[in-house]
Amino acid sequence: MNTQDEKQHFRGAEASFAAQAELDELLLPLHVSRGVIAVERLEMRTASTWYSRSRLWVVGRIQEEIAYRQDFLFVPVFIAAGVALWFGLPVTPSRWFLLALVLGVASLAVGFRHRPGLTTAILKAAALLGLGMLLADWEARRAGTIILDTPVTTTIVGTVERRELDALGNWRYLVALSSTSEPKIARAPQTVSLVSRSSHDAIPIGGAITGKARLSPPSGPALPGLNDFAFAAYFNGIGATGYFYGPPKAMPSKVEEGNAGFWLEQADSWLYTLRSGIAQRIRHIIGGDAGAFAASIVTDERRAISGETMEALRVSGLAHIVAISGLNMALAAGIFFIGMRSAFSLFPGFSQRRPVKKISAFAALLMTLCYYLISGFAVSAERAWLMMSIMLIAVLVDKPSISLRNVALSALVIIVLSPHEVMGPSFQMSFAATLALVSSYSFWSRWRGERERFVMARPPLWLSLASKAGTLVAGVIVTSLIGGISTAIYSIEHFHRITTYGLAANLAAMPVMSLVVMPFALIGMLLMPFGLDAPFLKIMGYGMAVVIDIAKTVSSWGGDETIGRQNGWFLAISTSGFLLIALLRTRLALIGLPFIAAGFAMLVIEQGRSRPDLLIYEDGSLVALLTKDAVATTKQRASGFVYEQWARAVPLPDLHIPANMLATTRSSDEKEADGKRPRLSDQDKIRAAEEMQAAFTKADVFTCRKDSWCAARSQEGATIAVIFDSTLTAMACDVAKIVVTTRRAPFSECHSGAILFSQDVLRRTGSLELWLGDDARPVIHANAAMEGSHRAWTMHRAYEWRSDRYETTLPLPIERILSPNR
């Protein structure tokens, strides 16, 4: 080769290298990942130790993940972790100290942003954690809900903001209080939720309402570690719950219609009026549980569904249909989108000249917005709407519609707008299912794209139909499996149970939902303004009835497995493993497996945890004494919302021993003409003490006198008295070692040395679980649901309206039995 040929050869090589460099810039993730792999292999050859080779492998995988922009997916994860950390603290940290700390860490992260390494990654993660804590702090201060401190009966006057019909035909009103009287509440909440069990004409949204009502604070956890209903009530602005005595009355509004308030509030009221009207029309046309079920998937009004049907849906694994979730939104948007494209295909000339795909996507985007507006703004609907909107916008800008980035963006929006939703099962389960499905789809697409497939140019009709049917069935099976497995962690954590036949129920119900319910629901909603919706809603109702029958059939198989409460670290560790597996695309995702294994180990170990001997609800109305094979309570039936929570969380034995009720022949059981109980005489108190002593001769069963007292003795010898009449408290302290009273006691400690759980003590501690000893040491140790928690949504428990101050201290005997657990 002469000199001229050599020059020409090198010029060609240089041009080829430049072209390859340009191609690598266009395919940046592929280019960087290949470079990482090449360097990693080269360096691994020179590495002499196992540690060095492992370190280089991990570094290479991390760089490959960053090259594919997977690091962005962890932004909402760390922010959500910061939110959870802030809400999990026992006391509220100083916002200024927190702000200064976050700004300092963020400044360091910005300064080190061009220095790749572990230090930079830790600083970025810490900054995101701090941002999450600031968002949670900001939302808690913004809410500022005043929660009622003690139950009270008063006359309320207010304005109806929301209303909803329940399964028994009772109206539940969300009332913005204007005033209270007889008595006037000094520290009154702004908004209360009240049920009217009396027949009356429903008071419209925006109308004035008055009536005598019983108001109570939102209930706390039924046991330590269970759901605190006051938490959600605080962030939803609800300061009290209760019911009306008799039917509430409508009042003439004192505000003129044109000056009813800010236009946004008027629009909000109009929107909820529309939502209520749509739900009522659907229930009226379809009727029964099928109508209530149909209304729930359109407007998210669920209270009208009977308890029997809701339990069947939960046990069968079909409860996700009730919420306006990704399934409902995806079906509605998909049917609308495909329907519009099919309609455009009937006009070939127009379809060839116009971007009908984008037109259909934009129309579907508007439709999903309308769906979200009438859905009640639940977090599941918000997440589904954001996800679907991002996917449709991606179609408009010619980007991939199904991606983990879209899931991350929707999660970011919800976390920023409503940080407290991170703590709820709705957010966790909906995003877990979506994340698992999208991640599995991405993995399947990559795996399938790397392999050659046999394609038949013109398959016969029977083969084409069989292939589509097989794809549909396989899709339902795989989707149900992935959704069920991914949400199992959160079902165990929040509901303490898992469903074992969810696959069969979903396999039977999904075709009905996809082919009957949602298409006719969409058509009915589009025709409702013209009054032509009835036939289509009827067909929708038939589909809902079939789904209910499927749920009841599957639930009859007994597929609900009770798991019980878990270790406090179970959720964090299991979620970490799940996120690593779902978000990472290289073999680095296998790091998540040890976390999943650790969570499973905790699940197994927790089954051997010793159960408490005595359970006390936060108002003393329910007390349970446990043995190995049975549970005795102060009630005659093993039912009720609190008992059901205990049964799943502890879990309780199947055998329930009802309270032994004494014959009501004593004068203490009589009432005067005005309905009040007569004051007990000394003879009545002596008789009650004798009856309690006789009750202590029987172990592990409560003996009760109606509205007065219950008494029992544990197998170890500890005696328990539950007092419903405050005049018996002093006597109970003399005959029992553990005294629980539902009334305010005139003293804070028993002079006899008995442990007294009075109304004031139970307000501060919340529900209790106790491990009992013998008569000499009746309580070995105890766990309290609220002890040590001083947050905005729990401080109402410490407020004393008589002294107008917060009292957080507990009597010394209570402090002693709780102190080992702090």
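Which cysteine does a disulfide join to Cys733? In this predicted model, a disulfide joins Cys733 to Cys750, with a distance of 2.0 Å from S to S.

View 1. A disulfide is a covalent bond between the sulfur atoms of two cysteines. Are Cys733 and Cys750 buried or exposed? Both of these cysteines are buried.

**View 2. A disulfide also joins Cys704 to Cys710.** The S to S distance between Cys704 and Cys710 is 2.0 Å, and the link of these two cysteines is right-handed, with 115° about the S-S bond. Cys704 has a relative accessible area of 1% and is therefore buried, since buried means under 20%. Cys710 is buried as well, with a relative accessible area of 2%. A search of the whole structure finds 2 disulfides, and when the bonded cysteines of the protein chain are numbered in sequence order, the pairing reads 1-2, 3-4.

**View 3. Cys370 is a partly exposed cysteine.** The relative accessibility of Cys370 is 49%, so this residue counts as partly exposed, because the term exposed is kept for values over 50%.

**View 4. Helix H20 and helix H21 cross with their axes within 7 Å.** Two packed helices are described by the angle between their axes and the distance between the axes. Helix H20 covers residues 570-583 and helix H21 covers residues 592-606, and their axes cross at roughly 150°. H20 and H21 are therefore roughly antiparallel to each other, because angles over 145 degrees count as roughly antiparallel. The crossing of H20 and H21 is left-handed.

**View 5. Residues of H20 meet residues of H21.** On the side of H20, the residues that take part include Phe570, Ile573, Phe578, Leu580 and Ile581, together with Ser574, Ser576 and Gly577. Among the residues they meet in H21 are Leu593, Phe595, Ile596, Met602 and Leu603, as well as Gly592, Ala598 and Gly599. Which classes of residue make up the contact of H20 with H21? By class, this contact has 11 nonpolar and 5 polar residues, and no charged residues.

Definitions and conventions. Residues numbered from 1 in each chain as written. Predicted model: local features only at pLDDT ≥ 70, side-chain atom pairs only at ≥ 80, totals over all residues. Heavy atoms only, no water. Disulfide = S-S within 2.5 Å. Buried < 20%, exposed > 50% of the residue type's maximum accessible area, 1.4 Å probe, protein only. Axes fitted to C-alpha atoms, helices over the stretch in contact; angles between N-to-C directions. Helix = DSSP H or I, 4+ residues; strand = E, 2+ residues; numbered from the N terminus. Parallel < 35°, antiparallel > 145°, perpendicular 65-115°, else oblique. Left-handed = near helix turned anticlockwise from the far one by under 90°. Contact = heavy atoms within 4.5 Å. Nonpolar A, V, L, I, M, F, W, Y, C, P; charged D, E, K, R; others polar.
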